[in-house]
Each structure stands twice: as structure tokens, then as C-alpha cells.
Amino acid sequence: MKHIVLTGGGTAGHVTPNIALIPYLKKDGFNISYIGSFDGIEKQLISEMGISYYGISSGKLRRYMSLKNVSDIFRVLKGMSEAKSILKKLRPDIIFSKGGFVSVPVVRAAKSLGIPVIIHESDMTPGLANKLSFPAASAVCCNFPETAKYLPEDKAVVTGTPIRNELMHGDPEAARSFCGFDSEKPVLLAIGGSLGSAVLNDAIRGSLPVLLEHFQIIHLCGQGKIDSALTGTKGYVQYEYIKKELSDMFALAEVIVSRAGANSISEICALAKPNLLIPLSAKASRGDQILNARSFEKQGFSMVIEEEELTAEKFQNSVMELYENRQQYIDAMKASPNKDSISIIMGLINKYTK
């Protein structure tokens, strides 16, 4: 039986595309294992699926001066030794990496053992972890056509991002019942990512008196970010993280407010949900979310407010404008040429499997 090792973690965005591939890998006859960090979100998400999971040490390589860079180098080296030992035991035919710093030791260990590697980059410009992994790759998949110029020319393949099939089959009435909502007002879904977003959370909660006059609100606020003072507010529900019911919530939502992680916005686009994006500031990141968001805005898929421009009044007005003009955004997303990402990626996996 063919054997593939998936890797990637740190945030849900580095895991969900792997999850989207799993049913198709199984159908194609692959035995599947996963290598991630000992305690990252990937362990919970993958273990729930009954996939064999192996943890390794993981460090973060920062772009700024920090003493933690020194200690984390040793964690990465330890992780590489652990990954090499696991790969020798598993003897996989191929590695598929979704990125995140935990993937670097796995990919580099695979290279040293002669195991083919395919990498997927979701963002407009590559992250540091994937940049460090490119020399080990047989192929590098990307989401945006503009990304190809940043990738090794002989390895770049524009595939789009794999979308979980179950997201396309949500039951809006199941979500309405789950949230305790009625059918009198439309539903706004706010998504701050698996780690949560203080900026987005504050924008939603600070605007509740205004927004609740027009919407019922589902707020996915991130781990440890529940505001207990707001529990029981009529028309407003908050959850740290939702997995099973997410497809139903997407189906119920008329409009979405979200960060601009590439995987999240690709899912929103595939579902043709009008959306307002608040990308992570360049002060707190390498600016990839801003590039993602502006690309979607240019294509007519999204409205965008950058953090530095965000005020309560602008946020509230933008949400109302988005809802009033929702059909033009739906039409633009539905007219977008969707790549069959999973078929393209599965073709590459079978091509490079030893």
C-alpha cells in the first residue's frame, strides 16, 4: 500500500487543506500518517479523524532579533532528528507539507532520506517556513497565480487551495437550531481564526448594540477569548472554535466578517459568501493577509478595512453596505473560475510517489 505523511501546523490554516485531501488519499489507496507538534491544534484536529499522529519538537524562526531564536534553533534540530527517526520507521513514499514551522524539520529530514516532498503555499507571498523548505521540494503548489514568481521556477504549480467537501453541504436550519436563533433577522458570522483576533473581537463586541438591531451574530472568537459578560445576549452567540457545525454556520450566514488568512478566504469564496476582511496588520506580521485581502477586493469578492483604518463607525457602516450590496459580491465569486485543486494536487502526489 502507498504511504503518505502529511505535515503542517501551528494554526488551523496549516491543517485544514490537509484534512480536505484525506478522503481522496484514502480513496486512492494511501495509508496516511501525520507529523505535527506535540501540543498544536493539528494534534487535536487530526487525532479526531483516526489518523496515526506523531509529535516532534518545534521552534519558531523569527524575522527579528530575539534570544528565543537561539533556543529555537536547537528545538528545530531536535525536531529534525525526531522526524528522521519517525520517517525511517514509517518509510513513506511521499510527504505533503502545508507549512508552519513544525513542517521544516519533517521536510528537511525527508530530503536527507531521499523521500519526495510536495509543498503547498496558500498566501500571496511565501512564508519563512516554506522558503526554508523549497530546496527539498519536488513541486511547490500555490493558491494565487501571482505567487508563482516567488517560487522556484521549475517547481511552481498553481493549484488553488483544497476545500473541505463537507463545507459545501451545510444545513442552515441545523445551525439556526444549534445557535437558538429565529428567522426574523439575517445572520452575520464573525471568524477570527483558530487563535482568535483581539481586533476583530473588539470590533464585533463594541458594535453589538448597533449590529443586533439588524443581525443575529455568530462569533467564533478563538481559544480563551469568550467574554462571559456577554453570554446570554439575545441574538449573539460566541464559541472558541467550531468544527462539526461550521459547515452549517456557513450555510446560515448571509454575510461574514473575517481575518484574511488564505485558507479561510478561499473557503469563503468557494461558498460565495459576501465578506468584510480585516487583515492582520503588517506591524504584527509579514503583511501576507493584507496582500490576500487586496487581491480579493480587486476581484470584487470582498470589502476590506485595514486595522489602522478601523473605527466603530466605519466597521458598522461597512457591514451594512456589504449586506445591502451582497448580491454583487455573490455574483463576482460565482463567476470566478474555480480550479479543481484537489484533483491537481492528487495528480502531483501520484506523479511523485516513489
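Reader: Which helix does T16 lie in?
Author: Keep in mind that this is a predicted model, where local features need pLDDT of at least 70, side-chain atom pairs count only at pLDDT 80 or more, and totals for chains, interfaces and linings use all residues. Numbering starts from 1 along each chain as its sequence is written, and side-chain values use heavy atoms, leaving out hydrogens and water. Helices here are DSSP runs of H or I, at least four residues, and strands are runs of E, at least two, numbered from the N terminus. Find T16 and you're in helix α1.

Reader: Does T16 count as buried or exposed?
Author: The cut-offs are simple: buried is under 20% relative accessible area, exposed is over 50%, and partly exposed is in between (1.4 Å probe, protein chains only). T16 has 7% relative accessibility, so T16 counts as buried.

Reader: Which residues does T16 touch?
Author: Touching, or contact, means heavy atoms within 4.5 Å. Leave out residues up to four places away in sequence, and the partners of T16 are R164, N263 and E267.

Reader: And where does E267 lie?
Author: E267 is buried too, because its relative accessibility is 7%. Besides T16, E267 touches I163, R164 and L167, again not counting residues up to four places away in sequence. Its own place is in residues 262–270, that is, helix α10.

Reader: Back to helix α1: which strands does it lie across?
Author: Helix α1 covers residues 16–27 and runs at about 160° to β2 (30–37). Such angles run from 0 to 180 degrees between N-to-C directions, with axes fitted to C-alpha atoms, for helices over the stretch in contact. The strands under helix α1 are β1, β2 and β4.

Reader: In what order do the seven strands of that open sheet come?
Author: Strands of a sheet pair through backbone hydrogen bonds, either parallel or antiparallel. Two strands count as paired if DSSP finds at least two bridges between them. The pairing in this seven-stranded sheet is parallel, and the order is β3-β2-β1-β4-β5-β6-β7.

Reader: Which are the edge strands there?
Author: Look for strands that pair on one side only. On average, neighbours in this sheet are turned by 25° against each other, direction ignored. The two edges are β3 (52–56) and β7 (156–158).

Reader: What is the bridge partner of I4 in β4?
Author: Strand β1 (residues 2–7) is joined to strand β4 (residues 94–97) by four bridges, and these two run parallel. In β4, the residue partnered with I4 is I94.

Reader: What about the open sheet with six strands, in what order do they come?
Author: Its edges are β10 (236–239) and β13 (302–304), each pairing on one side only. The twist from one strand to the next averages 20°. The pairing is parallel, and the order reads β10-β9-β8-β11-β12-β13.

Reader: Last one: what radius of gyration does the protein have?
Author: The protein has 14 helices and 13 strands, and 55% of its 354 residues count as buried. The rule for a globule is 2.2 Å times the number of residues to the power 0.38, and the radius is taken over C-alpha atoms. For 354 residues, a compact globule would come out near 20 Å, and the protein agrees, at 20 Å.
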